[in-house]
Amino acid sequence: MDQLGAMRVFVRVVQSGSFSAAARELLTSQASVSKRVATLEAELGVKLLRRTSRDHALTPEGTDYYHHCVNWLAELDEVEGRIRAQGVQPKGSLRITAPYPFARQILAPVMAEFLERYPDIQLDFLVSDRRSDLQAEGIDIAIRAGHLEDSSLIVRHLFDNPMLLVASPDYLSRLGVPETPDALSQHQCIVYSPVRAVHSWRFQYQGNTIVVPVRGQFQSDSGDMNLEAAIAGMGITELPVWMVEQALSDGRLVQVLASYQADNVPFNALYPQSRHVPLKVRCFIDFLKEKLAQHPLISPDSG
């Protein structure tokens, strides 16, 4: 049995979500994919997947084996890529997930330069504010804002995201301009729902930390939606300066509580732990830090 090939088929079944999807990706039949996985299970002597007529799920043994397969295959692919390229050029597909605003405004404008620099890499972006499971979805790098909870991932700090409080002129003319953070309790505050403690905003003022509870009739898990809600006059929101700079420039939004420094939110690049950092991962993160250092509205970490 070609165990290495069967491992790759098994991983694609898990990552694509079905035998039929894996068959399409691998340009083969569903029956062939099912047979390869069944042969692998027979060789191992355990069931890796529980099959139903319409779906499948990993068994506990399958989950453990899948995670090992992902790491083994990633290391093997990286070693082979280094040997073929003589350690100079990274190769292969690079799957990245990032929040939509960051992907649209920060990543998309510089990706042509990245691909020109590394022509043997293929980029596959999953653009969503959803917190993806890197191992289960075969993701090489996740760009995430906020404090991290998954200690199994390697973290590279990119920059501390500078935040501003903003609202539309129409909203402030109707409900007044808050002069202190405590006054936010009298306002509609548009919050970003996935963030922990979303109903509290933190400020730095004259060396002191101020934490205030906030509330409102509207919240979402999308920074872009909160931005549009603020422009529409629905309330005050807290967003990165690079997201609101254009709306501030053209007068659709104005800054609120400018004397109080809103808490910066860390932005990080995360990737699964493995014995060796894949060259393609290292090249992408180093490139991104280089571009962030050149961005006029971002102050990246120097590490």
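Student: In what order do the three strands of the open sheet lie, and is the pairing parallel or antiparallel?

Tutor: In general, the strands of a sheet pair through backbone hydrogen bonds, either parallel or antiparallel. In this predicted model, three strands form an open sheet in the order β10-β9-β14, and the pairing is antiparallel. The edge strands are β10, residues 208-213, and β14, residues 261-262, each of which pairs on one side only.

Student: How many bridges join β9 to β14, and which residue of β14 stands opposite Gln204?

Tutor: Strand β9, which spans residues 200-205, is joined to β14 by two bridges, and these strands run antiparallel. The residue standing opposite Gln204 is Gln261 in β14.

Student: Is Phe203 buried or exposed, and which residues is Phe203 in contact with once neighbours within four places in sequence are left aside?

Tutor: Phe203 belongs to strand β9, and its relative accessible area of 1% places it under the 20% limit, so it counts as buried. With neighbours within four places in sequence left aside, its contacts include Leu165, Pro181 and Leu184, together with Ile210, Val212, Leu257 and Tyr260. Ala262 is also among the contacts of Phe203, and although these two residues are 59 residues apart along the chain, their C-alpha atoms are separated by 4.4 Å.

Student: How should I read the packing of helices α1 and α3, and at what angle do they pack?

Tutor: Two packed helices are described by the angle between their axes and the distance between the axes. Here α1, residues 3-16, and α3, residues 30-44, pack at an angle of about 115°, with their axes 9 Å apart, and α1 passes α3 in a left-handed crossing. On the α1 side the residues that meet α3 include Ala6, Val9, Phe10 and Val13, while their partners in α3 include Val33, Val37, Leu40 and Leu44.

Student: Which residues of helix α8 are buried, and what covers them?

Tutor: An α-helix has 3.6 residues a turn, so residues three or four places apart point the same way. In α8, residues 223-231, the buried residues are Gly223, Asp224, Asn226, Leu227, Ala229 and Ala230. Their cover includes the helices α5 and α9 as well as the strands β8, β11 and β12. At the start of α8, a side-chain oxygen of Ser222 reaches to within 3.4 Å of the backbone nitrogen of Asp224, and just after the helix Gly233 takes a positive phi of about 85°.

Student: Is Lys291 in helix α10 buried or exposed?

Tutor: Lys291, which lies in α10, residues 279-294, is buried, with a relative accessible area of 13%. Leaving aside neighbours within four places in sequence, Lys291 is in contact with Val110 and Glu113.

Student: What share of the residues in the protein is buried?

Tutor: Buried residues make up 43% of the 303 residues, in a protein that has 10 helices and 15 strands. Of the contacts with a separation of 6 or more, 74% involve residues 24 or more positions apart.

Conventions
Residues numbered from 1 in each chain as written. Predicted model: local features only at pLDDT ≥ 70, side-chain atom pairs only at ≥ 80, totals over all residues. Heavy atoms only, no water. Pairing = 2+ DSSP bridges. Helix = DSSP H or I, 4+ residues; strand = E, 2+ residues; numbered from the N terminus. Buried < 20%, exposed > 50% of the residue type's maximum accessible area, 1.4 Å probe, protein only. Contact = heavy atoms within 4.5 Å. Polar contact = N/O pair within 3.5 Å; in protein donor to acceptor, adjacent residues only side chain to side chain. Axes fitted to C-alpha atoms, helices over the stretch in contact; angles between N-to-C directions. Left-handed = near helix turned anticlockwise from the far one by under 90°.
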